Amino acid sequence: MPVRMVESPTPSTSSGANPGQTCLQPCSLLSVGQTFSGTQNVSSPQKEEAWRVNVRIQGCDLNHGYLCGTMEALNVPMADTPVVTFWEGEIVDTKNYTFFTNKWKATSEVDIDHWTKFPSFSPLLSQVEVDGGKSLDLSNYQYIFMRWKEQYFVNVGSDCGLTIAGFYYVCFSCVDGSINGYYYDPNSSPFQKLELKTTNEGRSGFSFSSYELQ
Amino acid sequence: MANDSEQTQDLVGSYFLNLWRLKSKTASKDVEMMNSDNEDEDMEEDDEPVPTELDTVNSSGGFSIVLLDKLSVQYPSVSLHGHDVGVVQANCPAPVKRLFYYFEMYVRSAGAKGTVAIGFTTEGFNLRRQPGWEANSFGYHGDDGLLYRGQGKGEDFGPKYTTGDTVGGGINYASQKLFFTKNGQVVGTVEKDVKGRLYPTIAVHSQNEEVSVNFGKDPFLFDIKAYEAAQRAKQDTSIEKISIPQTASYGIVRSYLQHYGYEETLNVFDEASQTSVPPVTGFHDNGFNEHAMYALTHRKILRKLIMDGKIDDAISNLHEWYPETIQDDTSAICLMLHCQKFIELVRAGRLEEAMDYGKNRFEKFYNLKHYEDLVKDCAALLAYEEPNKSTVGYLLEESQREKVADAVNAIILSTNPDLKDHKSCLHSYLETLLRQLSACFLQKRLLNGNQGEAFHLQRVLLAKNT
């Protein structure tokens, strides 16, 4: 399983100021091999469009707030085959990452605009506006907030007519495993909504995935 | 991920730039060959090697003598053992990328027993056995008129033949059958159940037998043109049997006129179809309305301006009506428009102006590394005293203006908010149909063991005229 290489500590990491903070409880539905499927709404002022999307978790390291997986978009008009990308996620556990992104052209205003679109975020809003949620303890919260950033295309070239320059604000419900997200990219239609639900794929037990990173 | 909107716009532009580049490459070849508008229509057929003479490398070793012209064979000895046949193949197998192949054999002398034969064999055939006596071969034998195809026992087929007769053997790739002729008449056909390349083959087997072969250098006795016409006619009748709505062709022509912005022609066309007896109706809303009348008048005006070389007017109109199409100064469509302006200046002999214009504009386009070569072609116009005779002379032809007009037309179509499929800006339905037709033909050929002909529009159109 790939593990995120830790670079220089980001300003949003709180350096042990709150010893009482624990990392999130592992949630059985956010585990390696779990798949989700649903849609991404890519409507633009010109036309309505929605793609079917499948997501599979490939790696999960709660201690470091790291997640990774693949995302597959079907019925994309520009492409002949489903388009698969590999993404890496930051889990907003206020220990490794806070609600402020501080990168990818997302200002704190942009962050607040997106997080507030999740109803489950409203109780947290006031605290986040103050300090990005650094002092929040989310270990017992029934929702997990993340950012997913696609890193590269897996099965098509980057000239396929799609862009992965932006990233997703994601809210995962621990109770039923449903996922909601919003894609942010200053050069694309705003607030493209991602809605996924868990799928079972008829399996039981653990499943592992393996692939080469080139 | 999301749609890459920048890419969408330039999908249209880059398509036309690629068309231009294709022309640029073939244009330089044309000038070298000094051919007038040589389509690569027949090149595919010419590319395949055809038999021209007999193969003298592989031989039965002593049972056949190929004469100096490499087109005749003699049997040298007396022995008549079944494994002492003098068999000779052509120097290469019959070509397959055509409707059919045919060759003839003339019996100069039937010798002692008249055991001559014409047929087809595969590579590595045992050249001491008559064609047809071994597997994967066919032979029409002169002494008994039987057809042998892989066994020692022949089947009733046609008449015997002897001295003075001309027999022919052919492969019809469309029907996958072999056919044989005697003195200009078809005597029979047989299924071609052998895969792989077939060599035209002739054989002699008794004292003083001598035959000569004709691979097309001389006219055939058999009327090959009539045969070809008959085969195509057969194909045509089966096509004619399929019924399509009478108004289908109207719809296609109409959508072509709409697509390319021929507003006036379209109006005349509509009038005519209504006043014809009986009036032709019902083809207007057949799902052909993808672009329908979107921006028809604007597109007509722009096409006229560009075809008249008035690029400045065209650009200012675009600026007024569809500014988003030329917003990005380094887009493919801007490249085409600015290059065309440059070309028009050269055409008008205003060379200094052209140079200034080029200096100002072309710099930007060096970012488009892919299309650097096209910009260079334009700049090269200044290098020649008589540019229209050079390898970049194609730029001065009307066809270049047409490319720009088509590109502008397509880019305007792409601004249509009702557009569902971006690629539909690029072609009219007529062209899409033709592309599909060509692709289907090629696929059909592939499934036919890669034998048979491809679809050639020119040939079909010319044939209809004769």
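**Exercise 1.** Classify Arg347(B) by its relative accessible area, and identify the residue with which it forms a salt bridge.

*Solution.* Step 1: the relative accessible area of Arg347(B) is 35%. Buried means under 20%, exposed over 50%, and partly exposed in between, with a 1.4 Å probe and protein chains only; Arg347(B) is therefore partly exposed. The model is a predicted one, in which local features need pLDDT of at least 70, side-chain atom pairs count only at pLDDT 80 or more, and totals for chains, interfaces and linings use all residues. Residues are numbered from 1 along each chain as its sequence is written, chains are lettered from A and ligands numbered from 1 in the order in which they are written, and side-chain values use heavy atoms, with hydrogens and water left out.

Step 2: the partner is Glu344(B), with the closest N and O atoms 3.0 Å apart. A salt bridge requires a side-chain nitrogen of Lys or Arg within 4 Å of a carboxyl oxygen of Asp or Glu.

Step 3: Glu344(B) has a relative accessible area of 11% and is therefore buried.

Step 4: both residues belong to helix α8 (residues 332–347) of chain B, three residues apart, about one turn of the helix. Helices (H or I, at least four residues) and strands (E, at least two) are DSSP runs, numbered from the N terminus.

**Exercise 2.** Which parts of chain B are linked by the salt bridge between Arg232(B) and Glu453(B), and which by the one between Glu48(B) and Arg197(B)?

*Solution.* Step 1: the side chains of Arg232(B) and Glu453(B) meet at 2.8 Å, N to O. Arg232(B) lies in helix α3 of chain B, while Glu453(B) lies in the loop between α12 (429–447) and α13 (457–465), 221 residues apart. Both residues are buried.

Step 2: for Glu48(B) and Arg197(B) the N to O distance is 3.4 Å. This pair connects the loop between α2 (43–47) and β2 of chain B, which holds Glu48(B), with the loop between β12 and β13 (199–204), which holds Arg197(B); the two residues are 149 apart.

Step 3: Glu48(B) is buried at 12% relative accessibility, whereas Arg197(B) is partly exposed at 37%.

**Exercise 3.** Which strands pair with β14(B) in the sheet of chain B, and are the residues of β14(B) buried or exposed?

*Solution.* Step 1: the open sheet has seven strands in the order β2-β3-β14-β5-β10-β11-β12, with antiparallel pairing. Its edge strands are β2 (65–66) and β12 (185–191), each pairing on one side only.

Step 2: β14(B) (residues 210–214) is joined to β5(B) (residues 100–109) by five bridges, and to β3(B) (residues 72–74) by three. Two strands pair if DSSP finds at least two bridges between them.

Step 3: Glu210(B) stands opposite Gln74(B) and also opposite Ser109(B). Val211(B) stands opposite Val107(B).

Step 4: five of the five residues of β14(B) are buried. In a regular strand the side chains alternate between the two faces of the sheet. Here Glu210(B), Ser212(B) and Asn214(B) lie on one side, and Val211(B) and Val213(B) on the other.

**Exercise 4.** How many helices and strands does each chain contain, and what share of its residues is buried?

*Solution.* Step 1: chain B has 13 helices and 14 strands, and chain A has two helices and nine strands.

Step 2: buried residues make up 47% of the 466 residues in chain B and 48% of the 214 residues in chain A.
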